[in-house]
Amino acid sequence: MNDQDNQSPIAVVAAEHPHGGDNPLIKEGHTFRSVTEKVCGIIEKKPPSMWWVLFGFASSGTLILLGSLGWLVWEGTGVWGLNNPVGWGWAIVNFVFWVGIGHAGTLISAILFLLRQRWRTSINRFAEAMTIVAVICAGIFPGFHVGRFWVAYYLAPVPNQMGVWPNFRSPLLWDVFAVGTYFTVSLLFWYVGMVPDLATLRDRAKTKIRRLVFGFLSLGWRGGNRQWQHYELGYLLLAGLATPLVLSVHSVVSTDFATSLLPGWHTTIFPPYFVAGAIFSGFGMVLTLTLIARKVYGLENIITIDHLEKMNKIILVTGSMVGYAYIMEFFISWYSGNLYEVFTFVNRAFGNYAWAYWIMMACNVITPQFFWFKKVRRSVPIMFVLSIFVNIGMWFERFVITVTSLSRDFLPSSWDYYAPTLWDVLTFVGSFGLFFTLFLLFLRFLPAIAMSEVKGVLPQADPHYHEEDFGSEKAVGEGVPS
Amino acid sequence: MKEVKAIIASFETPGELLHAAEKVRDEGYTRFDCHSPFPIHGMDDAMGLKRSPLGFIVGGMAVLGAAVGLGLQGWVTTVEYPLILSGKALWSWQAYIIITFALFVLFGAFGAVFGMFVLNRIPRWHHPVFYSDRFASVTDDGFFISIEPGDPKFDAENTAAFLTAIGGKDVETIEGDA
């Protein structure tokens, strides 16, 4: 419709525009239509061959997951390497790992929304989808760790024939509610954000099935301002509710450890330390996924190097918080004067799991410090490698916390060394398969970029864009910082 | 028998739509809508809309969620299934705060989403504006004003002429079965 009036002036006008200053959020003079074409094109065209390759690997991984879970159900939890005293092994490590990864999605979609960080529009849909998929992967582990997963509903407070109720004083039940709420709210947030984009797909649908499916899912959205009015407030309120939620979820996960009396777990630093670690690991994973998807689908102009740099800054901040927490934990164990605490921490660094501890320290404390350098923050290959190190390091953090404390508890006679079995490893590898399978299906069938939000941050979305004094002080001076 | 269901006019840019909305509002129309691919800043005022009451729905639901959460835990642990665990009091409310908070957020989120559905009257899969083929561009790069016969000032001919006069292009009268 108005292709012609967007093409040439945009470069000139964007230079003075509050939405981007010298550096617009979206590159290469995108128009409303070109955004639609680019994002819908991903779904409407045949997927690139790379998609099939990745999907082949991912779905094979899912089969491995199903196979190893099937074997667990058939044979019992004894197929895992759990022993006494290490009753929490990889299953809990993986649960905390996956839940933590989910946190970046909600941080991007809710907290950055409240802080009016408009650059989030290019990546929030990805990140939210990643959250949902990661929480699904997380839920598998405690679900199957109970052994008979078909009675996992005992966790829910439902009246039953035994007249028994769950223990509301237990942090494990708090976790059920916190993670369950988190999943539900993330799903609602993701879906509500997607409704206008599903309507776009409905209106472009060429086949009857697409028209029906997208028509059904888009709820009859007509883009009227009477709808936008309630929609925007609803979205804002959801963001407001999700913000304390995301901070609480990993805090509650940390209480699984912190409310126990075990040295190394029984600390008050755990909730903030877990939340910072969760955001850190989540951004690591968002970065990994974004870099892949951006490459496969050629989205370099929508997810620009500036977006990536901002994500790297968040990794730097949260990574430094995590590093601080590691050091502070050590200091407090000495300062507490408690011999068991001191022993636990010395044992972590120099005991039989020292290898895991130093992998964790190297990946989580040193890796993010590279992001002090602007060249590193803006180099795609380097940040890809660093993001992988962050993912590895954060998995090891959970391993160190869970296993070192359990394997060396108060009584030396009960000490034991924990090692995973093949089935632990295959289940974890398989969970990556499920994660990537679901994520690739999302990329293939749903709008991966929030089109209506991206259009809203284009310079020409401003009602004053076509007025003569646009970009001058009078038009800009409405309180929008440039 | 056919009757007029809606009149729509298209506009080129968000700015044009915003100014047209002001004119439609000043002309005295109260039941019209401005359709756009993304929310336009300042449109609520331009259309003369009141503030959305959604906040009260969400607030009410969230408080209800907290009450349900605390009530459920208190009832189970003191009345239905009183069991002393770890030597703690039956009514150990400090331990109930987290689940109370979780249900506060959960109910509030349901309030935000389903309250928004109710206020927006969605899902509604049929609407007169969908009869127009051009209207499909509203989710791409189209900007439209629609006025429906429910408006007290609505008059098939005058309204169409008025929309043309304020700069509307391709004014289209949508008819359907009576």
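**Interface between chain B and chain A**

In this predicted model, two salt bridges are found across the interface of chain B and chain A. In one salt bridge, Asp141(B) is paired with Arg33(A), and the closest N and O atoms lie 3.4 Å apart. Polar contacts also cross the interface of chain B and chain A, where 28 residue pairs are found, both residues having pLDDT 80 or more.

Several elements of chain B give two or more residues to the side that touches chain A, namely α1 (14-27), β2 (32-35), α2 (43-47), α3 (54-80) and α4 (97-120). The largest share of this side, 17 residues, is provided by α4(B). By residue type, the side of chain B that touches chain A comprises 49 nonpolar, 17 polar and 11 charged residues.

Contact is made between 77 residues of chain B and 58 residues of chain A. The area buried between the two chains is about 6000 Å², and carbon and sulfur atoms account for 68% of that area. Of the area that chain B buries against chain A, 10% comes from Phe38(B), Thr139(B) and Asp141(B), more than from any other three residues.

Chain A itself contains 18 helices and zero strands. Its radius of gyration is 24 Å, close to the 23 Å given by the globule rule for 482 residues, so chain A is as compact as a globular protein of that length. Along the principal axes, the C-alpha atoms of chain A fill a box of roughly 80 × 50 × 45 Å. Of the 482 residues in chain A, 58% are buried. Among contacts in chain A with a separation of 6 or more, 82% join residues 24 or more positions apart.

Methods. Residues numbered from 1 in each chain as written. Chains lettered and ligands numbered in written order. Predicted model: local features only at pLDDT ≥ 70, side-chain atom pairs only at ≥ 80, totals over all residues. Heavy atoms only, no water. Contact = heavy atoms within 4.5 Å. Buried area = accessible area lost by both parts, 1.4 Å probe. Salt bridge = Lys/Arg side-chain N within 4 Å of Asp/Glu carboxyl O. Polar contact = N/O pair within 3.5 Å; in protein donor to acceptor, adjacent residues only side chain to side chain. Helix = DSSP H or I, 4+ residues; strand = E, 2+ residues; numbered from the N terminus. Nonpolar A, V, L, I, M, F, W, Y, C, P; charged D, E, K, R; others polar. Rg over C-alpha atoms; globule rule 2.2 N^0.38 Å. Buried < 20%, exposed > 50% of the residue type's maximum accessible area, 1.4 Å probe, protein only.
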